[in-house]
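Reader: I am new to this structure and have it open before me. Could you guide me through its main features?

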Amino acid sequence: MPLNRRKFLEKSAATGAGLAVAGAAAAPAQASVRPARRRYSLTVMGTTDLHGHVFNWDYFKDAEYSDTAGNAMGLARISTLVEQVRKAKGRRNTLLLDAGDTIQGTPLTYYYAKVEPITAKGGPVHPMAQAMNAIGYDAAALGNHEFNYGIETLRRFEEQLDFPLLGANAVDAKTLRPAFPPYLIKKFHVPGAPPVKVAVLGLTNPGIAIWDKAYVQGRLAFPGLEEQAATWVPKLKAMGADVVVVSAHSGSSGTSSYGDQVPYVENAAANVARQVPGIDAILVGHAHVEIPELRVVNEATGRTVVLSEPLCYAERLSLFDIELVFTGGGWEVESVAASLLNSGAVADDPRITRLLTDEHAKVVAYVNQVVGTATETLTTVEARYRDAPIIDLITKVQEDVVKAALTGTEYASLPVLAQASPFSRTSEIPAGDVTVRDLSSLYVYDNTLVAKVMTGAQLRAYLEYSAEYFVRTAADATVDVEKLTNANGRPDYNYDYVSGLRYEIDIAQPAGSRIRNLTHEGAALDDTRQFVLAVNNYRANGGGAFPYVASAKEVWSESTEIRTRIAEWVTAKGVLDPKDFASADWRLTRDGTPVF
């Protein structure tokens, strides 16, 4: 049975230790055996940021997934790799972990959260639970996206798993006691020697406190990874852990996207390795980057901690090969080496294909429903650096929804503006029939809509911050659109259009001095005037660290996804015609001369 929160708390109460220990894999320790020098090899496998990818399938394109690098994705491929490793290493000598972000990210996960929800009476078992149970995961850390559909959905998913969801720094907001099992301890039998005890500590992302504030505020708190690891690792060592592995839904860069809104580091995995003694390996998640092996020296002990982050969407499987030696006083970790296996090198495991063919077919049918007709093709290909009608569709829908919601309130007289980001560089709504999948590819996140009151001066600062996305480019320099954006690593989803205003972004100027000719309804923007900004919940809660928006007065919010609102808008119109939503709001300039 899975070690869920209820079982963990019952175990904690019974032992008085506040620690949950998963069952042993084999024989008890043999205290009388003291071989001079015995060895044991353990392989820890890891995935992260699966985001609902069971098969090598692109629901947005209704086709097999492919990219220019030849990657493949999906748990069905991971299952094949896992079985190969288990066969080579010995099933009893392996451990399989995940570092979080499992139940959000594809139409498959949306379908089983909203269309045919797992929370319904007699509802289905989540496809990700089915697949991960079948593959035989031992534990998974909580990711921040696990909270996107609310606590009820997460708890139901947790109940459906045959393994624990770990989160040592996910605590009850009132008692500060663990709200999820903090760790797993598993014993590995070694003939003629005491068993090897492996502890897995799960850590999640402090950003949950702002990204999903509507669900967790007052219920859960998320202290820093470093602090919680420093609390739990000594306890695990005191319990006799020979190996300590951390599964952390946190990148390794030491940076945070939310500024100082949360007093804890977002991407703290390397910090944990440096600051907390006693850790042997860290499975890294959250950042969606590929790190075969990163070696970090612990500041207190001088020992090397090995980190690895497999590529997201089940495109890679991390392997930690851990060598131990028993010298009479106990097991000691002699070496750790990390590497990656590529899902593109193997075929789907037919067990997983058979298991989830029906669920996959349901989702394919759902996303191919026709909801309207487009008069022309709309695309995001140039949306990062040109004002694109396809992004104006998002802002128009958001404006309309918020205006309707504020009708009859004291805020009804305020002008409504809207924010949107170019999430995808490949999204396209073709001329002709428009399907759910076309619209889903435009808005790939499960964000919801919030209305905030902001002043003209605050919006000016907001736009200046957004404009930092562009690389400073001299007026006489050649413009290469592939090198024009993402300055200082700023991702596309942290660049915002703002509708209802007109402005130029002068990329020849330094960051902070780029917004030019900012107007509203043909007049220079009044810094003191109030506006309502229709903004997604990620941005409204501080995601991206945009100024003023997180602290701005919230006057309305809802739980319906923006993606759903777009589909409703298109369905109601029947015809998707740019004349109904497109507007010329902004352009790039250099010293006043348009770039394009």
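Author: Strand E15 (residues 316–326) runs antiparallel to E16, and 11 bridges join the two. Strands are DSSP runs of E with at least two residues, helices are runs of H or I with at least four, and both are numbered from the N terminus. This is a predicted model in which local features need pLDDT of at least 70, side-chain atom pairs count only at pLDDT 80 or more, and totals for chains, interfaces and linings use all residues. Residues are numbered from 1 along each chain as its sequence is written, and side-chain values use heavy atoms, leaving out hydrogens and water.

Reader: Which residue stands opposite Ala 338 in E16?

Author: Phe 320 does.

Reader: What is the order of the strands in the open sheet?

Author: The six strands follow the order E6-E5-E4-E1-E15-E16, with mixed pairing; two strands pair if DSSP finds at least two bridges between them. Strand E6 (165–166) and strand E16 (331–342) are at the edges with a single partner strand each, so one side of each has no neighbour in the sheet.

Reader: Turning to H8, which residues are buried there?

Author: Leu 225, Glu 226, Gln 228, Ala 229, Trp 232, Val 233 and Leu 236 are buried, meaning under 20% relative accessible area with a 1.4 Å probe, protein chains only.

Reader: And what follows H8?

Author: Gly 240, with a positive phi near 95 degrees.

Technical notes
Buried < 20%, exposed > 50% of the residue type's maximum accessible area, 1.4 Å probe, protein only.
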